[in-house]
Amino acid sequence: MNIIKLVWNYLKAKPLNTALNIVLLSLGIAVIIVLLLFNKQLEEKISENARGIDLVVGAKGSPLQLILCNIFHIDFPTGNINLKEAERIAKNRLVKNAIPLALGDSYESYRIIGTDQRYADLYKVEVEHGSWFTEELEVVLGANVAALTKLTLNDEFASAHGLTGGHAHDEHNFVVKGILKRSNTVLDNLILTSVESVWHVHDLHTEEDHHDHERDSSFIASPLVPSIAAGDSTKEITSMLLQYRSPMAAIQLPRIVNGQSSLQAASPAFETARLFSILGVGVDILMAFAYVLIFISALSIFIALYNSLKERRYDLAIMRSMGATRLKLVVTILSEGVLLTLLGSVIGLLLGHGVVAIMTAFVAETQKAGISGLVFYTEEWIILAGSLLLGVLCALIPAWQAYRTDISKVLAGN
Amino acid sequence: MVTVKNLSFSYGNQEGIRFPDFSINKSEHCLLLGESGSGKTTLLHILGGLLRGYSGSVEVAGTELASLSETALDRFRGKHMGFVFQRNHLISALTVEKNLIMAPYLAELPVNHTQAEEVLKSLGIAEKKNSKVTELSQGQAQRVAIARAVLNNPPVILADEPTSALDDKSCAQVIDLLIQQANAHQATLLVATHDQRLKDKIGKQISLNG
């Protein structure tokens, strides 16, 4: 027999009350854990994916859409931009690095991105199997794409027009040349190829490709797509990812870009912060709901302890008559509160992680976002400690009453 | 074992109760007789260290109770006294055995399960070891209370109206068991009661009437 066993027996003696208190608290804790896991991991993924990209330049439209489309690859493009105009920005002395992106096709809903190797370098992702693409219509698969489509090296596939499946471009087959290492970034879910491949599939000026290879003496390569001449006014790309050369660029470049009628610049840092402040409202409401649940459970635990104390005045007096000190009674009652909240919060933690784990197992979007239910954060220790404190608080008044109980009066007042 | 001198007690502003001086030797049993309101329970609670703030002297097992602090008194009570009340105060959330084990646990004495079983056996309720106390009859519950009172081998057993809620048959059994257990553990038994049925069971009697 010890205090924990004694308290456990008391809790067991009222199974429904105990279950209600534990369920209430664990639901509140579970909601907090689910929000914590989603929020934290989303934030991590977003900042990971936007790392190293200072500015996205694309067609006019919603800046948030531009970011969602070209960094996270979840929204649709705002339109195309003229390669010549993009080159003018890329050549600016404030730009350190400009990476072109050409979107338009997909395979089994995985986007095919026309770009170059610098795009993968941005995320420090290397080819794990095979090699980088060198010729047109050669692709490198992201780790997730390879795993879920079961494509392997030298497999051929036809892309579909559009980003969510459309008519197939079956006259041009892509060839898998390499598979990227898993990086838990957006690259895992992309198929990379050259910008020329994307143009090729869309039958844009294929006859010029032959011409390009001839390269006369006056040929100046485009800074974005070196295989074609600079200043080509017919070619288009979807967007361009920029890295600044100096902090000064953060002030000047967006103004220069937005000054051009057809282009707009969006800052990933600013837009994702804006996105989070929009999402934050919903998260705050859910959080408030969770705190209400926890408050109700605290009230319920307090009432349960307070009522059971009334019934238990004789028990407490008898325990005193058997030699229990007042301090021991106080510790017993505090332990009861703490045991209840401890059980509630541990079950809540498991429930929260379980819900996220089940969601990631069944909902493809959460899988793609790379969210896992098996990640633990230090904040959870704070939740655990907080719930123990809650238990002590709930038991404080009942414990004080137990301390003050006049045992002789209780025993005589039979 | 128990010595009372010049003892008086008053609840709040009420007129105090004066108790006669008496002394009970080791292993001697004694009946405290009196009508309701005569102060039997008050005296028993004072002797058991459950009630403080009296004037006079109360010595139990060679210790003056007033000299002990509240916590020291709790510990003293756990090691030197066993209680049996009119309505057995068993802890309803626990089984019979766990109720017994509470006695050594709370008194901070080593827990001895075989001893607990032996006591239950000697009281004829060994088969109720794992029963819930709510499933026991009054008589059985009172036996469990007696078992709990003697389990720590206390030198003094204090019983407050242990039989008044019982029918004649159970009454006789319970008082016989009490005396038998007290003898077996060489304890001093003090029974406060107005139950006339007990008068010829214990020789030494102290009357609190007038």
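**Exposure, packing and a pocket**

Mentor: Let us begin with B:Q186, which counts as exposed because its relative accessibility is 53%. Please bear in mind throughout that this is a predicted model.

Trainee: Where in chain B is B:Q186 placed, between which elements?

Mentor: B:Q186 has a relative accessibility of 53%, and exposed means over 50%, so the residue counts as exposed. Its phi is positive although the residue is not a glycine, with a value near 50°. Its place in chain B is the loop between α6 (168-184) and β9 (188-193).

Trainee: Is B:N6 buried, partly exposed or exposed?

Mentor: B:N6 belongs to strand β1 (residues 2-9) of chain B. B:N6 also has a positive phi, of about 50°, without being a glycine. Most residues other than glycine have a negative phi. Because its relative accessibility is 49%, B:N6 counts as partly exposed.

Trainee: Why do the buried residues of α4(B) line one face of the helix?

Mentor: Helix α4 (residues 113-122) of chain B has B:A116, B:V119 and B:L120 buried. Seen down the axis of α4(B), these buried residues fall within an arc of 100°, so they line one face. On the other side of α4(B), the exposed residues are B:T114, B:E118 and B:K121. The reason asked for is therefore the arc of 100°.

Trainee: Which residues does B:V60 touch, not counting residues up to four places away in sequence?

Mentor: B:V60 lies in strand β5 (residues 55-60) of chain B. Buried means under 20%, and B:V60 is at 1% relative accessibility, so it counts as buried. With residues up to four places away in sequence left out, B:V60 touches B:M1, B:L47, B:L65, B:F76, B:M81 and B:V156.

Trainee: How many Å apart in space are B:V60 and B:R77, C-alpha to C-alpha?

Mentor: B:V60 is in strand β5 of chain B, whereas B:R77 is found in helix α2 (residues 70-80) of chain B. In sequence, the two are 17 residues apart. C-alpha to C-alpha, B:V60 and B:R77 are 9.9 Å apart in space.

Trainee: Which residues of chain A are in contact with B:R77?

Mentor: B:R77 counts as buried because its relative accessibility is 1%. Leaving aside neighbours within four places in sequence, its contacts in chain B are B:G48, B:G49, B:L50 and B:F83. In chain A, B:R77 is in contact with A:R320, A:S321 and A:I407.

Trainee: Which element gives the most to the lining of the second largest pocket?

Mentor: The second largest pocket has a volume of about 690 Å³. Its lining has 31 residues, of which A:E311, A:R312, A:D315, B:S92 and B:A93 lie nearest the centre. By class, the lining has 13 nonpolar, 12 polar and 6 charged residues. The element that gives the most, with 6 residues, is α10(A).

Trainee: How many Å apart do the C-alpha centres of domain 1 and domain 2 of chain A lie?

Mentor: Chain A is divided into domain 1 (3-46 + 282-412) and domain 2 (55-266). The C-alpha centres of these domains of chain A lie 52 Å apart.

Terms used
Residues numbered from 1 in each chain as written. Chains lettered and ligands numbered in written order. Predicted model: local features only at pLDDT ≥ 70, side-chain atom pairs only at ≥ 80, totals over all residues. Heavy atoms only, no water. Domains from an automatic or database assignment. Helix = DSSP H or I, 4+ residues; strand = E, 2+ residues; numbered from the N terminus. Buried < 20%, exposed > 50% of the residue type's maximum accessible area, 1.4 Å probe, protein only. Contact = heavy atoms within 4.5 Å. Arc of directions from axis to C-beta. 1 Å grid on protein atoms, 1.4 Å probe; cavity = no way out; pocket = protein on both sides within 12 Å on 5 of 7 lines; lining within 4 Å. Points joined across faces, edges and corners; volume = space filled by probe spheres on them. Nonpolar A, V, L, I, M, F, W, Y, C, P; charged D, E, K, R; others polar.
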